[in-house]
Amino acid sequence: MNGVTFFLGVNFVVAVCFSAVFAVVATRSRSRRAALWLAAGFGIASLSALCELLVAYTATAKIWALGAFATVLIGMMLLRVGMGHLYGRRLDKRIAAFFVGASIMLSYVIYDLPRGTPLQAFSYQSPFAIVLLDSAFVVLSFRGRQMIDRFLGVLMLFTGLHFLAKAGLAVWVGAGSGAKDYIHTNYALISQSATAILVVAVGLTLLAALVLEIMADQRSESERDTLSAIANRRGFNRQVQAFLGAASHGQHAVILCDLDHFKRINDTYGHHVGDMVIQSFGQLMNDSAPKRAALGRIGGEEFAIFLPDTDISAAALFAQALRAATMTLPDLPDGLIVTASFGISPVTSAAGLVDSYRQADLALYAAKNAGRNQVRLTALDEAEASDKHVDTRV
């Protein structure tokens with residue numbers, strides 16, 4: 001077994017393994033269709049190694065040579081389809097089918113041309129380069145790309161250009177006098193070893209992109225309260241830290257909210273009604289809050305809202321509107337009117353966040369002690385809000 005045969009075997013095993021891994025990843029990823037296309041692409045491309053061996057060791061070299069070309073190109077096209085699903089730039093399947101068919105026909109036409117001539121070499125390698133360069137464009141033009149996506153785009157660009165470089169190398173060092181001679185040439189050794197490296201690099205990078213997506217989804221799920229459909233305490237804290245990291249100094253506000261007499265609702269109407277109240281109030285918060293706001297359920301009937309770039313008076317007006325809307329929550333049993341109490345504190349910096357929570361909590365207890373169903377600000381801000389004619393009581 002020579003070096004080329006070894007690398008063909010390596011490429012086959014690697015491609016099959018990637019195909020299996022992407023099929024498994026598809027069961028957990030929200031980009032399921034993309035992962036399945038990638039699995040199919042690596043699976044089809046793996047067959048090219050077998051075709052190359054059959055070219056060298058069977059009497060029907062032309063059929064297997066065309067098979068090697070077709071399986072690589074089809075595999076690459078399936079990867080392009082998968083990347084189109086992953087990065088939001090779908091490929092017209094009719095155009096893809098026409099391109100693949102025309103390229104296979106071109107491979108058939110140039111088969112008998114002297115190998116290693118510029119016409120033969122570049123005609124053979126150009127379809128691969130075109131598909132990969134188009135894939136690179138898809139990734140690099142994606143607006144929401146992250147570091148892993150940039151790396152993948154550059155890697156696909158390099159891989160596409162590498163096929164044009166292979167054509168130049170074939171012209172320079174020669175690729176054998178015929179298809180059967182290919183496996184015994186130094187060109188084949190260089191070509192297959194480079195392909196092995198790039199297959200692993202592209203496969204691992206695509207896999208990393210999908211795994212990172214799965215991890216992000218799992219983190220999002222772990223930071224989400226399933227009953228209220230807003231963030232839990234951990235998710236809320238992370239969102240607040242992100243807002244403060246982007247604008248550490250400025251006027252922000254935190255609102256703490258507590259549903260009044262929630263235990264009485266559970267005891268009187270049952271826990272299923274209590275769950276309905278939580279769901280309805282969570283939906284009300286989602287519908288009412290500005291887009292740039294952090295919403296969280298931080299306890300059983302306790303909620304928190306962080307309003308970036310919002311002064312205390314505007315926060316009080318928002319809380320009053322939310323308080324009034326709470327009394328008209330829909331789809332609850334007849335006679336059940338839900339009320340809520342609110343405490344508000346300004347936030348001026350990340351360092352003062354803990355104290356702001358404490359002040360908002362004190363304001364919340366002041367609201368509850370004063371009879372519930374009202375909005376209270378911290379003691380220092382009550383006077384300021386009054387000066388601006390903002391009513392913080394019922």
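Me: Which residues touch the most other members of the largest nonpolar core?
Reply: This is a predicted model, and its largest nonpolar core has 41 residues. Helices 1 to 7 each give two or more residues to this core, and helix 3 (61-87) gives the most, with 10 residues. The members that touch the most others are F22, M83, Y87 and L206.

Me: Which residues does F22 touch, leaving out those up to four places away in sequence?
Reply: Contact here means heavy atoms within 4.5 Å. On that basis F22 touches A35, L38, A39, F42, G203, L206, L207 and L210.

Me: How far apart are the end C-alpha atoms of helix 6?
Reply: Helix 6 covers residues 147-173, which is 27 residues. At 1.5 Å a residue they should span 39 Å, and the model agrees with that. The end C-alpha atoms are 37 Å apart.

Me: Which strands stand at the edges of the sheet?
Reply: The open sheet has 5 strands in the order 2-3-1-4-5, with mixed pairing. The two edge strands each have a single partner strand, so one side of each is left without a neighbour in the sheet. They are strand 2 (294-297) and strand 5 (375-377).

Me: How many bridges join strand 1 to strand 4?
Reply: Strand 1 (residues 252-259) and strand 4 (residues 340-347) run antiparallel. Across this pair, C257 stands opposite F342. The number of bridges joining the two strands is 8.

Me: Which helix packs on the sheet touching strand 1, strand 4 and strand 5?
Reply: Helix 10 (residues 271-288) lies across strand 1, strand 2 and strand 3. The helix touching strands 1, 4 and 5 makes about 150 degrees with the direction of strand 4. That is helix 12 (residues 353-369).

Methods
Residues numbered from 1 in each chain as written. Predicted model: local features only at pLDDT ≥ 70, side-chain atom pairs only at ≥ 80, totals over all residues. Heavy atoms only, no water. Helix = DSSP H or I, 4+ residues; strand = E, 2+ residues; numbered from the N terminus. Expected span 1.5 Å × (residues − 1). Pairing = 2+ DSSP bridges. Axes fitted to C-alpha atoms, helices over the stretch in contact; angles between N-to-C directions. Core = buried A, V, L, I, M, F, W, Y, C linked by side-chain atoms within 4.5 Å. Buried < 20%, exposed > 50% of the residue type's maximum accessible area, 1.4 Å probe, protein only.
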